[in-house]
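Dear colleague,

Please find the structure below, handed over for your study.

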Amino acid sequence: MNKITGHRGARNLWPENSLTGFRNVLALEIDAVEFDVHLTNSGELVVIHDATLDRTTDKTGPVRALTPELRGETHLEGSDDTVPTLADVLSVLVTGGDKQLHVEIKSDEKGRPYPGIVEKVAAEIEGFGLAARCHLTSFDVPLLEEGRRAAPNIARLVSVNAEWAAKQGGLRAFLERVDGLVDIVAIHHELMAAEWPLIRQKLPLERLCAWTLNDETLIRAWLKRGIGHLTSDSPDLALRLRSEIRSQFEPA
């Protein structure tokens, strides 16, 4: 219980979704690493959170417009790292022992799914022999349904916050829709708190993930509730608090 996931590698410790971050996060005793994947017009799978380059790099424009040459010249903000490909990232994380990989499939700058991205991501994961260590993740239920068809051997995780739940007809309807489709339901911590009785009625603790917890008080509270997974930009803090809490219950 209480498995800890590093969000975008560990974005409060190193540049988010950077090879530097992924190399360093392997040294932490976390249980999983989360990162995001887009598809460019040239067919490259690239690891970056936003659908545009503006916030996290020294370039601007849509991620899908990246060519391999431009990608190699696009540096992550405050870093010598360039935007990595999915293959670059998997080459690093394949050495991570039994750490799970939460691979979030993103949409383009207009909110549209990239054609064929699910199959491409699944093929890359399987090519590295990482199917058993990965979850395909998304807010988009049809993408995860596509993932089940394309790669039934890769587990799935769905994410939801209050805004997204409202668009899907409410949290109850959303949870009923994903029942049987996903292994883990990742719920924003504010929605989790607001809908806790419903969530506990619908899902066992081990299938729940709270995101994104960076505040010490919040991390402590959710760890003590015993949820199965906790995602943090500061996984080092979450690890320390988990160790402290566990030590309180260990026999003297």
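Val47 touches Asn17, Phe22, Phe35, Asp36, Val37, Val83, Pro84, Thr85, Leu86 and Val89, leaving out residues up to four places away in sequence; contact means heavy atoms within 4.5 Å. The model is predicted, so local features need pLDDT of at least 70 and side-chain atom pairs count only at pLDDT 80 or more, while totals for chains, interfaces and linings use all residues. Residues are numbered from 1 along each chain as its sequence is written, and side-chain values use heavy atoms, with hydrogens and water left out.

Val47 belongs to strand β3, residues 45-47 (strands are DSSP runs of E with at least two residues, helices runs of H or I with at least four, numbered from the N terminus). Val47 is buried, with a relative accessible area of 1% (buried means under 20%, exposed over 50%, partly exposed in between, with a 1.4 Å probe and protein chains only).

His49 is found in the loop between β3 and α2 (68-71). The side chain of His49 makes polar contacts with the side chains of Arg8 (3.1 Å) and Lys106 (3.5 Å). A polar contact is a pair of N or O atoms within 3.5 Å; within protein, one must be able to donate a hydrogen and the other to accept it, and residues adjacent in sequence count only if both atoms are side-chain atoms.

Arg8 and Asn17 both lie in the loop between β1 and α1.
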